[in-house]
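Reader: I would like to go through the terms used for this structure and see what stands behind each of them. Please show it before we start.

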Amino acid sequence: MAPLRAGLRWKKSKPLVVREAIAGYFFILPTLLSFLVFFLIPTISGLGMSFFDWDFFSEPEYVGFDNFLELADDKLFITTLKNTALFAVSATALNVGLGMFIAIGINSIKWGWLKAFLRTSYFIPFVISTVVVALLFGFLLQESTGVVNYYLTRLGFDKVPWLSSSLWAFRSVVLIDVWKHVGFFTLIFLAGLQAIPRELYEAALVDGAGRLVRLRRITIPLLTPSLFFSLVIALIGAFQVFESMFVLTNGGPGDATRTVVMLLYREAFGSFNMGYAASMAVVLFLVILALTITQVRLGDRWVFYR
Amino acid sequence: MTNAALAKGNPLFPDFNEARDKLSHNWRAYLANVILALPLVLGSLIMFLPLVWAVSFSFGQPHEFFKLPPPVIPSALRLDNYDVVFERVDFLRFFLNSVIVTTCVTIAQLISCSMAGYAFARLRFPGKRIIFIGFLASMMVPQHVTLIPVFIIIRGMGLYNNLGALIVPYATSVFGTFLLKQFFETIPDELEDAAKIDGAGFLQIYRSIMLPLAGPPLATLAILTFNSSWNNFFWPLIFINSSDKMTLPLGMLYLRGQDGVTNSGVLMAAIVLNLVPVLIFFLIFQRRLVEGVTLSGLKGA
């Protein structure tokens with residue numbers, strides 16, 4: 001240890017271990033401070049706030065579990081929770097399912113230029129901001145003058161009330177989410193496919209396995225880690241959906257596309273029911289946490305780890 | 001020689017057999033490729049068409065706007081809609097604000113994440129493990145839990161309706177720290193030891209050994225951060241209330257609220273103005289972006 005200290009004048013008195021520890025804290029200081037100020041303290045006070053009634057201007061009043069009891073009776077909250085869950089499940093299933101098959105398709109194409117072209121085109125929407133995407137589709141999906149309906153009628157279909165009927169508005173929001181995110185999941189699966197050793201396919205070919213058998217016995221089992229990862233992050237993300245509905249439908253028609261975060265935003269910054277909004281965030285967090293834990297538990301059964 | 005004999009294979013010309021097999025195999029592979037590619041190419045059209053329509057409508061005139069069929073190629077390159085965008089809102093201000101916020105956030109993250117990543121990967125200090133686990137756990141908590149307290153903290157810092165509100169909370173990230181930590185762990189000890197023997201301090205090791213090697217992960221982090229900061233909407237929505245402080249995504253919403261802009265060629269022109277820099281960015285950094293996404297995916301898998 002002694003030679004290491006040679007030449008370091010001002011630190012000579014302190015042992016290396018102490019200096020290393022000081023350096024360690026110095027290097028993590030910015031990140032640690034930010035973690036404390038913008039995560040740890042807010043999380044704890046956010047949890048605490050859910051037990052208070054507070055309108056931002058007067059003194060907070062402790063109400064115990066009242067906010068949560070109120071939530072359980074709040075029809076609008078239950079509706080938004082249902083909407084959010086339905087959105088999360090359908091968007092996750094479509095994004096991950098389509099992403100996986102698009103990736104398998106792209107991967108089995110032989111021409112490199114076409115592969116690159118397809119990968120790029122599916123990924124482009126991912127870099128466009130959700131607000132721009134929502135504004136664009138709001139325009140294209142108008143019922144009477146929209147381009148999409150125009151071409152649908154030309155093809156002999158009826159006009160679709162994309163944004164004006166409750167059912168279709170919900171479907172539209174899901175489809176737009178898929179348009180924006182499917183390329184991201186395609187990339188995740190493409191990476192997973194690249195990690196599968198070629199020898200497995202060669203061995204299967206020698207054994208005379210056809211395309212479908214190879215897909216079912218090699219590709220899909222070895223893609224399960226990517227599938228698992230995609231399902232977990234897609235669901236976590238989809239439960240926090242806000243922007244596309246906020247811009248495109250503003251929760252309507254009626255409350256058909258209103259999500260938990262939209263209601264939370266309105267309660268907090270529209271009605272200044274800070275405690276009530278905080279309790280919604282806590283419920284949302286607990287739902288996400290429970291689902292993630294369940295996914296991880298179930299994952300052990302079907303995910304194939306090499 | 002009959003066809004039947006040919007089909008069985010010609011013992012006198014093995015090369016011919018091989019060539020024939022190869023040819024038919026090639027042809028079948030070609031067909032399989034086309035059949036496979038067709039739905040994928042159609043799908044990619046769905047990805048492109050909305051963008052093409054945005055461009056063509058942005059050049060349209062109000063009176064030909066409701067004319068059907070909608071032109072895929074605009075009748076003339078009229079820039080009237082673009083003029084209106086710049087008349088109605090200070091679009092350049094939005095753009096500039098976005099550039100300022102995004103640049104600051106990206107630079108700050110490159111510094112803070114590489115520092116923390118270095119410490120977590122190469123230094124020993126008490127509490128390291130528990131702090132790192134805390135960092136990772138924070139990725140699980142939705143930002144809405146922290147929303148109201150952070151709102152109060154930001155107001156307390158005097159950053160309400162200030163670009164700082166969009167920068168300070170994003171000056172570091174757990175994801176970036178994790179990314180850099182993973183990278184710094186792969187650097188061989190010998191490099192560091194040599195510098196230590198020469199009497200280099202930790203700051204010097206970080207600056208002259210670690211950072212120069214970390215180009216690729218730093219580039220990945222920069223591009224992912226740039227993209228998510230550029231598209232951030234929720235934060236400006238909460239913290240910004242005057243139009244001269246708005247970034248592009250919020251500015252777009254502000255523009256839509258102006259008279260006669262909702263669902264018109266003016267809105268499409270603004271959308272195109274948004275798309276152009278994003279697509280240029282995408283084309284330049286595509287490889288890194290793809291790498292970054294796959295890397296973050298693989299880390300989790």
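Reader: What share of the contacts in chain B with a separation of 6 or more comes from residues 24 or more positions apart?

Author: That share is 75%. Two residues are in contact if their C-beta atoms, placed from the backbone, lie within 7 Å. This is a predicted model, in which local features need pLDDT of at least 70, side-chain atom pairs count only at pLDDT 80 or more, and totals for chains, interfaces and linings use all residues. Residues are numbered from 1 along each chain as its sequence is written, and chains are lettered from A and ligands numbered from 1 in the order in which they are written.

Reader: Why is helix 6 of chain A called largely enclosed by the rest of the structure?

Author: A residue is buried if 20 or more other C-beta atoms lie within 10 Å of its own, exposed if 12 or fewer, and partly exposed in between. In helix 6 (residues 130-140) of chain A, 11 of the 11 residues are buried, so the helix is largely enclosed. Among them are A:Val131, A:Leu135, A:Phe137 and A:Leu140.

Reader: Why are helix 2 of chain A and helix 5 of chain B called oblique to each other?

Author: Angles under 35 degrees count as roughly parallel, over 145 as roughly antiparallel, 65 to 115 as roughly perpendicular and the rest as oblique. Helix 2 (residues 16-49) of chain A and helix 5 (residues 128-138) of chain B pack at about 40°, with their axes 12 Å apart. The two helices are therefore oblique. Axes are lines fitted to C-alpha atoms, for helices over the stretch in contact, and angles run from 0 to 180 degrees between N-to-C directions.

Reader: Which residues meet there, and how do they divide by class?

Author: A:Gly24, A:Ile28, A:Leu32, A:Phe35 and A:Phe39 meet B:Lys128, B:Ile131, B:Phe135 and B:Ser138. Ala, Val, Leu, Ile, Met, Phe, Trp, Tyr, Cys and Pro count as nonpolar, Asp, Glu, Lys and Arg as charged, and the others, Gly among them, as polar.

Reader: How many residues does each chain bring to the whole contact?

Author: Chain A brings 84 residues and chain B 74. On the side of chain A that touches chain B, helix 2 gives the most, with 21 residues. That side divides into 61 nonpolar, 20 polar and three charged residues.

Technical notes:
Helices (H or I, at least four residues) and strands (E, at least two) are DSSP runs, numbered from the N terminus.
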